[in-house]
Amino acid sequence: MPAHQFATMDDGSGIAFEFTENSGREALVFSPSLGTSMELFDAQMGELGSRYSVLRYDLRGHGRSDAPSGSYSFDRLGRDVLGLLDFLGVERAHFVGVSIGGMTGQWLGYRAPERLLSLTLANTSAYMGPPDGWSERIKAVIGNGMDAIVDSVIERWFTPQFRTTSPDVVGRIAKILRSTDPVGYAGCSAAIRDMDMRPILSLVRCPTLIIGGERDPATPLEHSQQLARGISGSAFLTLDAAHLSNVEQADAFNSTLANFLEEL
């Protein structure tokens, strides 16, 4: 199914999306990680696509979405999601976010809980300091392009075993990362640099599942544990994976998510 593009009402930026409507089924939104695109969730489309109306999209600055210059914020990224739901006439949805997608989910859980049926936060964090590290990454991609970070990022995204046994999958994800607009990557990196969701975690009230990667060096397990402690009543599970657990452990991720949604 080809992607479409929706223009935000406030600044007119185009957000690319794909909505596979399943008549009478609840909506399930997939929000991808920094440096990827909606194709990050290809392995989720089969099993979960048969049960839900699935909306996946490219983050502002990524994939086929527009990449305006400047620093973004989670208020900005969250309002992109709400605008997209309004555009499609979706009143409430299950939201699944990986990495920066999960950070956007935390914002939605605090600022727009009335739009959420549930929240799944995978391989993500409420705070990823210190800011200097993100400022250096922004300088690297603006000055030298995405090639400056691809190898080091891929090492954090996948375990050595998976990189060895699934080179085609890893190569596909690396290609998406390499093709990301440096301006858009920098804009989203600034949102992470400036973020601290820790004070608002106790205000997230919707049903929440937290998935942590047991071998995730990008958002280590203690980050997921902090989310679980902060969000009252949340469910917490771990997978034997690095940062992109929905890719590295796709079957386990799908069954974990499906079970959580069915139990609601």
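Pro 130 sits in the loop between strand 6 (116-122) and helix 4 (131-144), where helices (H or I, at least four residues) and strands (E, at least two) are DSSP runs numbered from the N terminus. The structure is a predicted model, in which local features need pLDDT of at least 70 and side-chain atom pairs count only at pLDDT 80 or more, while totals for chains, interfaces and linings use all residues. Residues are numbered from 1 along each chain as its sequence is written, and side-chain values use heavy atoms, with hydrogens and water left out.

The loop between strand 6 and helix 4 also holds Asn 123. Asn 123 has a positive phi of about 50 degrees, although it is not a glycine. With a relative accessible area of 1%, Asn 123 is buried (under 20% relative accessible area; exposed is over 50%, and partly exposed lies in between, using a 1.4 Å probe and protein chains only). Ser 99 has a positive phi too, of about 60 degrees, and is not a glycine either. Its place is the loop between strand 5 (93-98) and helix 3 (100-111), and at 7% relative accessibility Ser 99 counts as buried. As background, most residues other than glycine have a negative phi, and most peptide bonds are trans.

Next comes the helix packing. Helix 2 (residues 74-88) packs on helix 3 at an angle of about 80 degrees, with the axes 9 Å apart. Axes here are lines fitted to C-alpha atoms, for helices over the stretch in contact, and angles run from 0 to 180 degrees between N-to-C directions. Helix 2 and helix 3 are therefore roughly perpendicular to each other (65 to 115 degrees; under 35 counts as roughly parallel, over 145 as roughly antiparallel, and the rest as oblique). On the helix 2 side, Phe 74, Asp 75, Leu 77, Gly 78, Arg 79, Val 81 and Leu 82 meet Ile 100, Met 103, Thr 104, Trp 107, Leu 108 and Arg 111 of helix 3; contact means heavy atoms within 4.5 Å. By class, these residues divide into eight nonpolar, two polar and three charged. For this count, Ala, Val, Leu, Ile, Met, Phe, Trp, Tyr, Cys and Pro are nonpolar, Asp, Glu, Lys and Arg are charged, and the others, Gly among them, are polar.

Helix 1 (residues 42-49) and helix 11 (residues 250-263) cross at roughly 40 degrees, with axes that come within 10 Å, so the two are oblique to each other. Their crossing is right-handed, meaning that the near helix is turned clockwise from the far one by less than a right angle, with anticlockwise being left-handed. Helix 1 brings Ala 43, Gln 44, Glu 47 and Leu 48 to the contact, and helix 11 brings Ala 250, Phe 253, Asn 254, Ser 255, Leu 257 and Ala 258. That contact has six nonpolar, three polar and one charged residue.

Helix 5 (residues 150-157) and helix 7 (residues 167-179) pack at about 135 degrees, their axes 10 Å apart, which makes helix 5 oblique to helix 7. This crossing is right-handed. Val 150, Asp 151, Val 153, Ile 154 and Trp 157 of helix 5 touch Val 170, Ile 173, Ala 174, Leu 177 and Arg 178 of helix 7. Eight nonpolar and two charged residues make up the contact, with no polar ones.

Trp 157 of helix 5 is buried, at 6% relative accessible area. Not counting residues up to four places away in sequence, Trp 157 touches Ser 33, Leu 34, Gly 35, Thr 36, Ile 173, Leu 177, Ala 242, His 243, Leu 244 and Glu 248. Trp 157 and Phe 17 are 140 residues apart in sequence and 24 Å apart in space, C-alpha to C-alpha.

Phe 17 is found in strand 2 (residues 14-20) and is buried, with a relative accessible area of 4%. Beyond four places in sequence, its contacts include Met 38, Leu 55, Tyr 57, Leu 84 and Phe 87. Tyr 57 in turn has Ile 15, Val 29, Pro 32, Val 81 and Phe 95 among its contacts, again leaving aside neighbours within four places.

Finally, the largest nonpolar core has 82 residues, and those with the most contacts inside it are Tyr 57, Phe 74, Ile 100 and Phe 158. Such a core is a set of buried Ala, Val, Leu, Ile, Met, Phe, Trp, Tyr and Cys residues joined through side-chain atoms within 4.5 Å.
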